[in-house]
Amino acid sequence: CKTFKFKVDLSSLSKVQKEQLKMQFVEAKWIYNYLLSCDDIFSFDYKNLSNITHKDKYGNDIPVTLSYIGSSLKQSIIKQIENQIKGLSALKNKGYNVGKLKFKKEINSIDLKQYNNTHSIRGNKFKIQGIKKPIRVNGLKQLSKYDNLEYANGKLLYDGNDYFISLTCFIDKENNINHTYKNDIVGIDMGISSTITLSDGKKYDISIEESERLKKLQAKLARQKKGSNNRYKTISMIRKEYNHISNKKNDISNKIVSSILKENKVVVMQDEQINKWKEGEFS
């Protein structure tokens with residue numbers, strides 16, 4: 001299987017579609033927090049998720065009627081919480097010290113569990129349950145190079161600035177019998193002076209640091225009053241800058257992985273504890 005990611009073209013959406021897209025995540029947050037406040041979620045019927053209450057920033061209960069998020073998406077949220085509770089229970093039984101699920105300030109991912117029900121492709125657009133008209137997305141052309149694609153589950157994502165759709169597909173396994181490799185086998189060493197060194201002598205030096213813009217925004221945030229609108233705008237800009245840095249990291253990672261796999265038939269590497277490096281002098 002392979003996962004494809006498409007960016008929603010916000011410029012092509014009407015005001016109604018933008019509102020429907022935004023409210024998908026708002027209502028998902030309301031449902032998630034409401035379910036956590038219930039006594040027994042495992043016997044909860046999604047059909048009762050029509051009129052619920054959520055709390056405002058002052059802690060007051062606000063009754064709302066859910067009118068954007070569909071029944072299948074409601075079931076996905078219930079299933080998500082059930083799986084999280086089961087996961088915590090399993091860890092606790094193994095002796096781990098676990099807490100409990102906490103209320104969320106925002107939801108950034110919604111499961112689309114069934115193709116042709118919660119989501120589907122309509123030409124160069126994507127249909128999502130709860131949004132009446134299909135929405136235009138960028139990147140669907142990448143599907144055209146594959147034959148016999150079988151569409152499966154997906155996710156509706158929000159990174160604080162843009163919306164994305166992640167779609168999992170089943171594809172025929174690639175046949176690399178006739179592919180010519182540069183090396184039969186290669187070893188990889190992760191290091192400090194050179195980020196990646198291959199046994200054939202090839203090196204990759206990678207360094208992506210925090211941008212000056214990010215540093216200035218963080219300094220600005222430290223001076224602003226908590227709860228103010230300007231502080232919220234600054235947080236949004238910081239999130240966008242972090243996304244930009246993350247995209248650069250992912251782009252470099254994908255290019256390096258693609259290069260190594262195309263040139264080498266077998267790749268051997270040590271299971272490095274890279275996260276532990278941050279605790280030492282190489283942070």
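Modeller: In this predicted model, a nonpolar patch on the surface is made of I185, V266 and V268. Patch residues have over 30% relative accessible area and no salt bridge, and nonpolar side chains are joined within 5 Å; a salt bridge is a Lys or Arg side-chain nitrogen within 4 Å of an Asp or Glu carboxyl oxygen. I185 sits in strand β10, residues 183-190 (a DSSP E run of at least two; helices are H or I runs of at least four). With 54% relative accessibility, I185 is exposed (over 50%; buried is under 20%).

The largest cavity has a volume of about 40 Å³. Its lining consists of A28, Y32, I77, Q80, I107, S109, I110 and D111. Two or more of these residues come from each of α1 (15-36), α2 (71-93) and β4 (109-112), and β4 gives the most, three residues.

As for the cysteines, zero disulfides are found (sulfur pairs within 2.5 Å). The C1 sulfur lies 9.3 Å from the closest cysteine sulfur, that of C169, so the two are too far apart for a bond. C1 is exposed, at 70%, whereas C169 is buried, at 0%.

Residues are numbered from 1 along each chain as written. Local features need pLDDT of at least 70 and side-chain atom pairs 80 or more, totals for chains, interfaces and linings use all residues, and side-chain values use heavy atoms without hydrogens or water.

Technical notes: Buried < 20%, exposed > 50% of the residue type's maximum accessible area, 1.4 Å probe, protein only. Patch = residues over 30% accessible without salt bridge, like charges linked within 9 Å, V, L, I, M, F, W, Y side chains within 5 Å. Areas by Shrake-Rupley, 256 points an atom, 1.4 Å probe, with all protein chains shown as cover. 1 Å grid on protein atoms, 1.4 Å probe; cavity = no way out; pocket = protein on both sides within 12 Å on 5 of 7 lines; lining within 4 Å. Points joined across faces, edges and corners; volume = space filled by probe spheres on them.
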